[in-house]
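Visitor: Before we look at any single feature, could you take me through this structure step by step, giving the general idea each time and then the case at hand?

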Amino acid sequence: MKTTILLLLTIVILTTCKQKVEPISAPIYAIEKQFQPFMISFLKEAAERNIKIDTTNLIIKLNNQLKIDKCGTCTYSTKNKNSQKTVEIYTNSLTCWSVATFNAKEALIFHELGHCLLGRIDHKNDTFTDGSPKSIMVANNQELYSPCVYVIDDNPAACNKTIRRKYYIDELFNPATPKPDWAN
């Protein structure tokens, strides 16, 4: 009788105390339409430098939440290289996406993809002697290679930074890129 009760109790314990197994979620690739041209450009730039980019687990989306101190974020797990990577671009009406130039938007998306897809976790805030950031991975500066918005004097070329684009893209994919001539 004791063995029968013990056997029944064991069966009940084994059948009712199953370990909860969390379902494995499938990776998501979702790029909102307005960000697709920038994603295509990023992948093209990577391919020109023979760098393969895995976008399997990538989401890029607009976030209407007001963020005073940032225009974009990238979230992912540094412990799992296959984790979901999410870039959120904020629409702050005064400084971010909704008022940015095309080049500033590209720099912002490329900066966040640098975090998410290239593993460039930290910001690089050092500058050249002329005051220009040394990296596209600088915090809070998306006007790295934009044309002038307001020309103050009669020399529009003096503030046009579009020639800097190649250096910043090269440096994004290779942090050891040499100092450009324009930074002297």
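**Reading the sheet**

Guide: Strand 3 and strand 4 pair over four bridges in the antiparallel sense, where strands are DSSP runs of E with at least two residues and helices are runs of H or I with at least four, each numbered from the N terminus. Two strands pair if DSSP finds at least two bridges between them. This is a predicted model, in which local features need pLDDT of at least 70 and side-chain atom pairs count only at pLDDT 80 or more, whereas totals for chains, interfaces and linings use all residues. Residues are numbered from 1 along each chain as its sequence is written, and side-chain values use heavy atoms, with hydrogens and water left out.

Visitor: In what order do the four strands form the open sheet?

Guide: Strands of a sheet pair through backbone hydrogen bonds, either parallel or antiparallel. Here the order is 1-2-4-3 and the pairing is mixed, with strand 1 (30–31) and strand 3 as the edge strands, each pairing on one side only. Strand 1 and strand 2 run parallel and are joined by two bridges, isoleucine 31 having isoleucine 60 in strand 2 as its bridge partner. Strand 2 also runs parallel to strand 4, through six bridges, and asparagine 63 stands opposite tyrosine 90 in strand 4.

Visitor: Which residues lie on each of the two faces of strand 4?

Guide: In a regular strand the side chains alternate between the two faces of the sheet. In strand 4, Lys85, Val87 and Ile89 are on one side and Thr86, Glu88 and Tyr90 on the other, and all are buried, where buried means under 20% relative accessible area, exposed over 50% and partly exposed in between, with a 1.4 Å probe and protein chains only.

Visitor: Why does threonine 55 count as buried?

Guide: Threonine 55 counts as buried because its relative accessibility is 16%. Threonine 55 lies in the loop between helix 2 (36–48) and strand 2 (58–63). Leaving aside residues up to four places away in sequence, threonine 55 touches Tyr29, Met39, Leu43 and Leu117, a contact being heavy atoms within 4.5 Å.

Visitor: What lines the largest pocket?

Guide: On a 1 Å grid over the protein atoms alone, a cavity is a set of points where a 1.4 Å probe fits but cannot get out, while a pocket is an open set with protein on both sides within 12 Å along at least five of seven lines; lining residues have an atom within 4 Å of a point. Grid points are joined across faces, edges and corners, and a volume is the space filled by probe spheres set on the points. The largest pocket holds about 470 Å³ of space. Its lining has 26 residues, of which Gly72, His111, Glu112, His123 and Asn140 are the closest to its centre. Helix 3 gives the largest share of that lining, five residues.

Visitor: How much of the chain reaches a pLDDT of 70 or more?

Guide: pLDDT is the predictor's confidence in each residue, from 0 to 100. The chain has a mean pLDDT of 81, and 78% of its residues reach 70 or more. Among the elements, helix 2 has the highest mean (97) and helix 1 (residues 2–16) the lowest (40). Over residues 2–23 pLDDT stays under 50, and the model has zero contacts there beyond four places in sequence. Where pLDDT is low, the predicted coordinates should not be read in detail.
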